[in-house]
Amino acid sequence: MSQATPQAEDLDRLTIDTIRTLSMDAVQKANSGHPGTPMALAPVAFHLWQNHLRYDPDTPLWPNRDRFVLSVGHASMLLYSLLHLAGVKELDEDGKPTGKPAVSLDDIEHFRQINSKTPGHPEFRLTTGVETTTGPLGQGLGNSVGMAMAARWKEAHFNKGNDKIFDYRVYALCGDGDMMEGVSHEAASLAGYLRLSNLIWIYDSNRITIEGHTDLAYSDDVEARFHGYNWHTLHVDDANDANAKALEDAINEAKSHTDKPTLIVVKSIMPGARRTSRTPRARTGRRSARTRSRPRRSFTAGPRTSISTCPTA
Ligand SMILES: Cc1ncc(C[n+]2csc(CCOP(=O)(O)OP(=O)(O)O)c2C)c(N)n1
Ligand SMILES: [Mg+2]
């Protein structure tokens, strides 16, 4: 795994911080969007994409690729940053390579602009590498169950003995809002009944939504519900950089299961803004240069984008 040497650790940290700064700057330039969630989930997404997700950036439609579903579609800058940094190549509507990146820096500069490849919520076909459109909360989770069922169908039809053409997994990243929606629980029930062990949901249980603390409207014991649906459940208490090992262990354990789907409950905290990271404004609001520079100061100095207006070292 990626923690072998100090140099590798530095590079991991730089990549995580670059996801964060791209997300901050794009939201700031658009003056619209959610910077907090991509910033807080950057380590989770990085470790998943770097160490687990099986994909080929040069062949984005490779049939046996793992699928990544961003059910927290409002955190779209997380996915655009990943596609940009991973160097995923763009395909045209016939699936032919265009020779361009799926998401360029210019596309990120046009985040949330009309006709851009980087709309507020990711859209299937519009942006190469986006596996499904996830506008309404809960939607992506429902889609991920369908994808995991499709994978099982392909395995049953095309794998012969030990020759496995298909053995991919489906990962979905979700939040409190997804769990509040009914569709996610109907889909989870089906996934448990079908024993879809190729399905892993990572739930960002940050206890905050757009309106405020989840205590205002939500008190479910989510893990208990999922046990009832015949899922494995795991948790990672702090999904920040320092705890990469806990996250790695949880994903490895989820991958080792062959009998049921797995829910990994993570608690994300936005770095550099711990005091305010659990307020709705921190997660969804635009920031002044001063409040943006506070988290930025705690980040590794990485490549700066031309969209940045933030005065920092
Ligand atoms: C069905 C549906 N209702 C409302 C919205 C609008 N919406 C976007 S983000 C959000 C809050 C999501 O909260 P949470 O999932 O906890 O995400 P976090 O704020 O922690 O990133 C809402 C209500 C939506 N996208 N879909
Ligand atoms: Mg939340």
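This is a predicted model: local features need pLDDT of at least 70, side-chain atom pairs count only at pLDDT 80 or more; totals for chains, interfaces and linings use all residues.
Me: Which strand order does the open sheet have, and in what sense do the strands pair?

Reply: The open sheet has 5 strands in the order β1-β4-β5-β9-β8, with parallel pairing. β1 and β8 (232-236) each have a single partner strand and stand at the edges, so one side of each is left without a neighbour in the sheet. From one strand to the next, the twist averages 20°.

Me: How many bridges pair β4 with strand β5?

Reply: β4 and strand β5 (residues 199-204) are paired in the parallel sense over 6 bridges. Within β5, W201 stands opposite A172, and I202 stands opposite L173.

Me: How should I read the two faces of a strand such as β4: are they covered or open?

Reply: The general idea comes first. Side chains in a regular strand alternate between the two faces of the sheet. In β4, one side carries V170, A172 and C174, the other Y171, L173 and G175, and all are buried, which leaves both faces covered. The count for the strand is 6 buried residues of 6.

Me: Which residues touch the most other members of the largest nonpolar core?

Reply: The general idea is that nonpolar side chains tend to be buried together in soluble globular proteins. Here the largest nonpolar core has 68 residues, and those touching the most other members are A45, L78, W201, I202, Y203 and I264. Helix α2 (residues 36-51) provides the largest share of this core, 9 residues. As for Y203, its contacts, leaving aside residues up to four places away in sequence, are C174, M179, V222, L263, I264, V265 and V266.

Me: Which strands does helix α9 lie across?

Reply: Helix α9 (residues 244-256) lies across β5, β8 and β9 (262-266), and the helix runs at about 170° to β8.

Me: Where does Y168 lie, and why does Y168 count as buried?

Reply: Y168 belongs to the loop between α5 (139-158) and β4 (170-175). The criterion is a neighbour count, with 20 or more other C-beta atoms within 10 Å required for a buried residue. Y168 counts as buried because 21 C-beta neighbours lie inside 10 Å. Not counting residues up to four places away in sequence, Y168 touches R54, N64, R65, D66, R67 and A151. The C-alpha atoms of Y168 and N198 are separated by 7.1 Å, although these residues are 30 apart along the chain.

Me: What does the hairpin of β2 and β3 show?

Reply: Strand β2 (residues 89-91) and strand β3 (residues 97-101) pair in the antiparallel sense over 2 bridges. L91 has P97 in β3 as its bridge partner. Between the strands of this hairpin there are 5 residues, and G95 takes a positive phi near 85°.

Me: How many residues surround ligand 1, and which are the closest?

Reply: Ligand 1 is surrounded by 15 residues, of which T37, G175, D176, G177 and T209 are the closest. At least two residues of the shell come from each of α6 (176-180) and β6 (208-209), and α6 supplies the largest share, 3 residues.

Notes. Residues are numbered from 1 along each chain as its sequence is written. Chains are lettered from A and ligands numbered from 1 in the order in which they are written. A residue is near a molecule or strand if its C-beta atom, placed from the backbone, lies within 6 Å of it. Helices (H or I, at least four residues) and strands (E, at least two) are DSSP runs, numbered from the N terminus. Two strands pair if DSSP finds at least two bridges between them. A residue is buried if 20 or more other C-beta atoms lie within 10 Å of its own, exposed if 12 or fewer, and partly exposed in between; C-beta atoms are placed from the backbone. Two residues are in contact if their C-beta atoms, placed from the backbone, lie within 7 Å. A nonpolar core is a set of buried Ala, Val, Leu, Ile, Met, Phe, Trp, Tyr and Cys residues joined through C-beta atoms within 7 Å. Axes are lines fitted to C-alpha atoms, for helices over the stretch in contact, and angles run from 0 to 180 degrees between N-to-C directions.
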